[in-house]
Every structure is written in structure tokens, then in C-alpha cells.
Amino acid sequence: MDLERYPFSEAVKKNFLLNEREFRQRKTVLESYPIKIYVEPTQKCQLNCITCDFSRRSEKDDMSLEMFGRIERDLFSHVAEVNFYFVGEPALAKDIRKMISVSEKYTFLPKIFINANHLPDDLAELFVRLGFFVNVSFDASTKEAFERIRRESNFESILANIRKLQAAQARIGSPRFHLRLACTIGQYNIEEAPRIVRLAASMGLRDVMFGAYDSGAELEPGRSLGLDIERTVRCFKEAKAIADREKIRFSCPAQFGAMLIMPNNNWRDFPLPIDRFAPFELEGANPFKGDCGYPWIEMGVRSNGQIVSCCQRVHEMGSYARESFHDVWNNARYRELRRQKSFYQCLGRECAMAVYSIWSGGTKRPAPRKAAKAPAEKGRRGGRRSGL
Ligand code: SF4
């Protein structure tokens, strides 16, 4: 991997390469740090989306600055990407400005997901000035459809806040700032996929990512993309054709049942300014056909200190409330996680991402250690893709 063209510090480049090597070797005890981390400023949210799993955001208190400072000291000099979100709406965290501002001291790619209902002018300006990769959660193209899914949101406010970010970028001209629509798609809004891409084009947005609905818990019957595979594939293909024509960056899940959408992204078809800061390899080890790179490349810390293995947030590996990164990263549970030969059942729980094979398809990846037998297709669940 050629990291020289990216403005990462030497420590980050060294860690990136070492982590990649240790992943390829499937080491269970790592010298490297993760290459991307999630830090959850808050679990609070003002919305009541039909896709949300409320059990995952029951913590009332925001992450303390004291805990955030310990995470910063342990990890920020080594990682290539910090995601300042997990569950909840990070713009509501009382210390969000202080937290994101520390990114100025480091060379990692700072990334965030927001619902964009609440975006004060100063925060929008800060995202732009700090060169954030901002994902706006965006699940439909019309007010009626949007507010039916993202209940208690306001479609007009969201569009206005997207324009606010665009205007700030036009004023400031931050080289790294990037804006993307991040869309969660199920049977309830699959027909919206091409319409969202059209809307993005009309607003001058250059990036749309589609992830399959998967709350991480049991799904509501009737919502899974897998229930109507032909319709799903037709809509994503139509959305991609529009994106290709409009030169909008696009990605969607790669496989539904036996049907493939290949290529399922157009990342390499045309460059965007963000490409100078975000190697595609940051996405290179997503779960695919029973294999998973997350136990090597990423770690998440929730607002209460709970350390989780990945964006699925189901495996608790330790706690920043009583431990540090160094106590946890190679502990017995992490070693057990990395020793697994197949990830269809990850630490005893079915992982929708590994089962439903949603590899982005755009990057080179190591061969799985051993062919693992996939569980029978239930046609019930989709998979969720983590954000680039
Ligand atoms: S739960 Fe899924 S995504 Fe997370 S580490 Fe296990 S296989 Fe990977």
C-alpha cells in the first residue's frame, strides 16, 4: 500500500503498515494499534427513527472530557481515522466542539455522522474548518417519506443545514472537508435509492453511500432488503447508473442472496478531493463471506466507556471506565475474537455483516484463512456497512 501520498504522520503510516501485516498474518496479539476508532460523544438523540435500536442508546450521560482525554492520549497519534460518533446524535453532545477541535493536532481523517436537524452555524463552520468528513443520515428524497422514517425530524431543516455546510465550504475552501449522504435502506425505502441520488445531483453533492437496514437487533418483519432481492438489485442498479452519469461517488451492499451487484461502487472511476486524505484501504477489511478484519483494524469506545470490537457494538471487550486501551487490545477476549476461523458466528452470535457479505468490492483484501460454510440463507436480514 502506498501511503506516501497521504498527509499522515510517520507514526500513523508505520502503524497502518504494521497493522495490515499483522492482519494478514492473523496474529492474535498485536504490536500495532487499530487504524480506525469510534469515539461516542453521546448516546442522546432528538429523533425517533423507525430504524433505531433504542437499547443501544440508553446511557444518559455524555462522555466525559477526562475519559476522552485518556482515549486521545492512548490512540490519536497512531490511528488513521477517528469517527466522532457511534450511536446517538453527536451534535447534541455538550463538549462536541472541544472534542472535535483536538483533531487539529493530529493527522488522522476526522469523520462524523450527523442527522443535521440541529446544526448551529459555529458547529457547521468548525466541521468545515477542521476538514471533517461529514456524513448526513438521509433516508428519503421527499419530506413525507423522510419524516415517516426519521420520525420527529424536519426535512426542510436538514436541507437547509446541508446548504449551510456547502456555503461554509464555499467560503472557507477547506481542502479536506467532505460531505456525503449516508442512507440506510430497507424494503420500506428501497425505491428511494435512485431518487436520493437525483436529489444529491440537484444539490451539488458528490457522494452517496447506501447501507442495508440492520439495527443490530431483531428486525421488524417486512423491512429487510433480502425479502425482495430482485427489487432491491433493480433499485440499486438504477441508483448507480444515475450516480455514474452525474459523477457522484456511490456505494451499496454487494450481494443479496445469490444476486451480486458488481461493481457496487464507482470509487475509482473519478477522483474527488477527499481522495488525497482518505485511502480506500481504510475500508479494506469489511466483513465478507464469513471473514472479518474488524478485530484487527478497529475499536469503538462508547460514551460510558464500554469498549466494543466493531460498529456492530455487540461484543464488549473492556471498559475505559476502569481500563486503558493497552489493558484491553490484546486481552483474552480480543485473542479469542481474533482466533476465530469463521466469523459467520462471531463469539457465538450471528453477525449479519459477515453472513450477508456486504464487501465494498473496491479494495484488495487478504484471502480468508479457510473456506467457512455459510449458514442457510434466511431471506430475513440485510447487512449494514460501516461508513467510509
Ligand atoms: S460482530 Fe461481525 S463485524 Fe463485528 S467483529 Fe464480529 S464478524 Fe466482525
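What follows is a conversation about the terms used for this structure and the values behind them.

Visitor: What kind of model is this, and how are the residues numbered?
Guide: This is a predicted model, in which local features need pLDDT of at least 70 and side-chain atom pairs count only at pLDDT 80 or more, while totals for chains, interfaces and linings use all residues. Residues are numbered from 1 along each chain as its sequence is written.

Visitor: How many helices and strands does the chain have, and what makes a run count as one?
Guide: There are 12 helices and 14 strands in the chain.

Visitor: Why is Ile-37 called buried?
Guide: A residue is buried if 20 or more other C-beta atoms lie within 10 Å of its own, exposed if 12 or fewer, and partly exposed in between, with C-beta atoms placed from the backbone. Ile-37 has 25 other C-beta atoms within 10 Å, so it counts as buried. Of the 388 residues of the chain, 48% are buried.

Visitor: Why is Arg-313 called partly exposed?
Guide: Arg-313 has 18 C-beta neighbours inside 10 Å, and therefore counts as partly exposed. Its place is the loop between β11 (306–308) and β12. Arg-313 also has a positive phi of about 60°, although it is not a glycine.

Visitor: Is Ala-116 buried or exposed, and how do you know?
Guide: Ala-116 is buried, because 25 other C-beta atoms lie within 10 Å. Ala-116 sits in the loop between β3 and α4 (121–129). It is not a glycine, yet its phi is positive, at about 65°.

Visitor: Which residues is Ile-37 in contact with, and what makes a contact?
Guide: Two residues are in contact if their C-beta atoms, placed from the backbone, lie within 7 Å. Leaving aside neighbours within four places in sequence, the contacts of Ile-37 include Leu-75, Val-79 and Met-299. Ile-37 and Ala-80, 43 residues apart in sequence, are 8.6 Å apart from C-alpha to C-alpha.

Visitor: Where is Ile-37?
Guide: Ile-37 belongs to strand β1. Both faces of β1 are covered: Lys-36 and Tyr-38 on one side, Ile-37 and Val-39 on the other, are all buried.

Visitor: What makes two strands a pair, and which strands pair with β1?
Guide: Two strands pair if DSSP finds at least two bridges between them. Strand β1 (residues 36–39) and strand β10 (residues 298–301) have four bridges, in the parallel sense. With strand β2 (residues 81–83), β1 has three bridges, also in the parallel sense. Both counts meet the rule of at least two bridges. Ile-37 stands opposite Met-299 in β10, and the bridge partner of Lys-36 in β2 is Glu-81.

Visitor: In what order do the strands of the open sheet lie, and what makes a strand an edge strand?
Guide: The open sheet of 10 strands runs β7-β6-β5-β4-β3-β2-β1-β10-β11-β12, with mixed pairing. β7 (249–251) and β12 (316–319) are the edge strands, as each pairs on one side only.

Visitor: What makes β4 mostly covered?
Guide: In strand β4 (residues 133–137), five of its five residues are buried. Phe-133, Asn-135 and Ser-137 point one way, and Val-134 and Val-136 the other way.

Visitor: What makes a nonpolar core, and how many residues has the largest one?
Guide: A nonpolar core is a set of buried Ala, Val, Leu, Ile, Met, Phe, Trp, Tyr and Cys residues joined through C-beta atoms within 7 Å. The largest has 95 residues, and Val-79, Val-134 and Ala-193 are among those with the most contacts inside it. Ala-193 touches Ile-185, Phe-210, Cys-235, Phe-236 and Ala-239, not counting residues up to four places away in sequence.

Visitor: Which residues come nearest to the ligand?
Guide: Of the 14 residues around the ligand, Cys-292, Cys-310, Phe-343, Cys-346 and Cys-351 come nearest. A residue is near a molecule or strand if its C-beta atom, placed from the backbone, lies within 6 Å of it.
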